[in-house]
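Have the chain in view as you read.

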Amino acid sequence: MNDPRDLLLVGIGTMGRPYLDAAARLGLRVRAVESAAAWENRPVDLAERFHRVEGGQDESWARGVSEAVAERRPDGLVAFAEPHVISAALAQDRLDLRGPSLHAAVISRNKALQRATFGAYGVPQPEYLQVSSVDRARAWMLERLPVVVKPLTLVGSEGVELVRTEAAAEDVIARRSGEGAVLVEEAVGGPEYSWEALVRDGEVLFENVTAKETTAPPYFVELCHRVGHVFEPALADRVTSLTRSVLDAIGMRTGLVHLEFKVGTRGPVLIEIAVRTPGDYLPDAIGLAYGFDLYEAVLRISLGLTLEGVVNSRPVSWSATVFPTAAPGTITEITGVPEALEHPDVVRVRLRKGVGDTVLPLTSSSQRMGHVLINASSPEEREKALLHVRDSLLIHVAQN
C-alpha cells in the first residue's frame with residue numbers, strides 16, 4: 001500500500017476544522033500550523049502534529065510554516081485565513097506545490113496592491129487614493145464625498161468606514177490620522193455580492209454568487225449571506241467578465257477564491273479579492289446548497305486529486321447564514337433558541353455570547369454574536385426560515 005499523502009494546514013481555529021474532517025475521510029496524513037491563541041482547543045486527534053505560532057502577524061506564521069516544511073515536505077498545503085496566505089504561498093512557491101501563486105497571494109493581502117494591479121488591467125473598480133495618513137487625503141475626500149476609508153490589510157469590515165459629509169471627514173481625520181497608511185475610495189452604490197470559486201491551473205471549475213445584507217453605513221458589517229444567487233443573463237455575463245479579468249490580473253493558479261463586488265449604475269464593480277477560505281461559514285452554506293463538501297474539494301485540488309463526480313455546478317437547495325444582532329449593552333437574556341431550532345430549515349444555531357456579556361456597537365464582523373445556518377428547498381422557503389429566526393431568536397440587553 002502506498003503511503004498516505006501528506007497535507008499541511010495553516011491555521012484552523014474553529015471555522016477551519018471541517019478541513020481536518022475532510023482530510024480524515026480522504027485518508028491523508030495531516031499536520032497543522034496553529035496559533036497560540038487557539039492552542040488549548042486544537043483537535044489533537046485529527047492531526048499527527050501541530051506547529052505552534054506565537055503572535056498573529058504574517059511573519060509569525062511564516063516561521064511556523066517554514067519549520068513545518070523543513071521538518072517534512074508536504075504533498076499539499078492549504079492556508080485558511082488572511083494572515084496565513086503569504087506564508088503558505090512562500091512555501092508553495094519554493095516547493096513547487098499547487099497554490100494560488102505567490103503573485104496572487106501578495107496582491108490579495110494588500111488592498112493598495114489590488115487597486116494598482118486592477119487599474120493597470122482595466123478591471124472596473126472604485127476611484128481611489130492611497131495615503132500614508134488619512135489627513136493627507138482631506139482635499140481629495142472633500143471633492144468626492146461620499147467616500148470609503150479602509151485599512152490596507154485588515155479583514156471582516158474592520159476599519160472600513162463610509163464618510164458622507166465634510167463634518168464626517170474631519171471627524172475621521174481626527175480619529176484615524178495616527179493609524180498609518182489607508183485607502184480612500186469612491187463610495188460605490190448598489191447591492192453587494194461575493195463570488196466564490198474553485199480554480200485549477202487558472203480554470204474555474206466551480207463558482208457561486210452570494211447575495212449579501214450589511215448594516216447601514218458607515219461600517220457595512222455583513223448580516224446575512226444568501227448563496228446560489230442567479231443574475232439575469234446579461235448581467236451574469238458581465239459578472240463573468242469581471243471575475244475572469246480579476247483572476248488574470250492576479251495570476252491566479254489553483255485554490256479557492258473569494259471576490260467581493262457591487263452592482264451599481266456602472267454594472268459590476270470590484271471591491272476586493274482574497275485567495276483563501278471565505279469566512280462567515282460560507283463554505284458550509286455553499287456545500288449544503290450545491291450538495292458537496294467544499295472543504296474536501298479544496299483539499300483535492302491542492303493535492304492534484306480529481307474533482308470528477310465530486311463537484312456540482314447547480315444548487316440543489318437554498319442556504320444562508322444569518323447573524324443575530326442586538327443593541328449595545330449587557331446581555332440580560334437570550335430567548336428563542338429552541339424555537340429557532342424547531343424550524344425544519346434551520347441547520348444549526350451557534351452563539352458566541354451569553355448572559356452577562358457585553359454587546360459593542362457593530363463596527364466589524366468580529367463583534368457579531370454568532371450565526372444561524374439555514375438550508376431550504378426553495379428561495380421562498382429560505383426567506384420564511386430567515387423571518388422565523390429573526391422573529392424568534394432575540395437577544396435582550398440592558399443599556400450600560
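Which residues do ring pairs link into a cluster? They are Y19, F80 and Y295. Before going further, please keep in mind that this is a predicted model, in which local features need pLDDT of at least 70, side-chain atom pairs count only at pLDDT 80 or more, and totals for chains, interfaces and linings use all residues. Residues are numbered from 1 along each chain as its sequence is written, and side-chain values use heavy atoms, with hydrogens and water left out.

**Aromatic pairs**

A pair of aromatic rings is described by the distance of the centres and the angle of the planes. Here, rings of Phe, Tyr and Trp (its six-membered ring) pair if their centres lie within 6.5 Å; planes under 30 degrees apart count as stacked, over 60 as edge-to-face and the rest as tilted. Searching the whole structure on these terms gives eight aromatic pairs.

One of them joins W39 and F50 in an edge-to-face arrangement, with 6.2 Å from centre to centre and 85 degrees between the planes. This pair links distant parts of the chain, since W39 sits in the loop between β2 and β3 (49-53) while F50 belongs to strand β3, 11 residues apart. Helices (H or I, at least four residues) and strands (E, at least two) are DSSP runs, numbered from the N terminus. W39 and F50 are both buried, where buried means under 20% relative accessible area, exposed over 50%, and partly exposed in between (1.4 Å probe, protein chains only).

F231 and F261 form a tilted pair, 6.2 Å centre to centre with 50 degrees between the planes. F231 lies in the loop between β11 (222-227) and α8, and F261 in strand β12 (residues 255-264), so the pair ties together parts that are 30 residues apart in sequence. F231 is buried at a relative accessible area of 12%, and F261 counts as buried at 0%.

**Salt bridges**

Side chains of opposite charge can pair when their charged atoms come close. A salt bridge is taken as a side-chain nitrogen of Lys or Arg within 4 Å of a carboxyl oxygen of Asp or Glu. The whole structure holds 33 salt bridges, and three of them are set out below.

| Salt bridge | Closest N and O atoms |
|---|---|
| D6 and R31 | 3.3 Å |
| R115 and E185 | 2.7 Å |
| R300 and E296 | 3.0 Å |

Take D6 and R31, whose closest N and O atoms are 3.3 Å apart. D6 lies in strand β1 (residues 6-10) and R31 in strand β2 (residues 29-35), so the pair ties together parts that are 25 residues apart in sequence. D6 is buried, with a relative accessible area of 1%, and R31 is buried at 0%. Both residues also belong to a network of salt bridges that links D6, R29, R31, E48, R49, E71 and R72.

Next, the salt bridge between R115 and E185 has its closest N and O atoms 2.7 Å apart. R115 is in helix α5 (residues 111-120) and E185 in strand β8 (residues 182-186), so this pair ties together parts that are 70 residues apart in sequence. R115 and E185 are both buried.

R300 and E296 share helix α10 (residues 294-303), where they stand four residues apart, about one turn of the helix. These two residues are buried as well.

**Cavities and a pocket**

Rolling a probe the size of a water molecule over the atoms shows where empty space is left. On a 1 Å grid over the protein atoms alone, a cavity is a set of points where a 1.4 Å probe fits but cannot get out, and a pocket is an open set with protein on both sides within 12 Å along at least five of seven lines; lining residues have an atom within 4 Å of a point. Grid points are joined across faces, edges and corners, and a volume is the space filled by probe spheres set on the points.

There are three cavities of 30 Å³ or more, and the largest cavity has a volume of about 180 Å³. Of the 20 residues lining the largest cavity, V78, A79, Q92, P100 and G255 lie nearest its centre. The largest share of this lining, four residues, comes from α3.

The second largest pocket has a volume of about 380 Å³. Its lining counts 15 residues, and E207, N208, V209, H229 and V230 are the closest to its centre. β10 (203-214) and α8 (233-250) each supply at least two residues of that lining.
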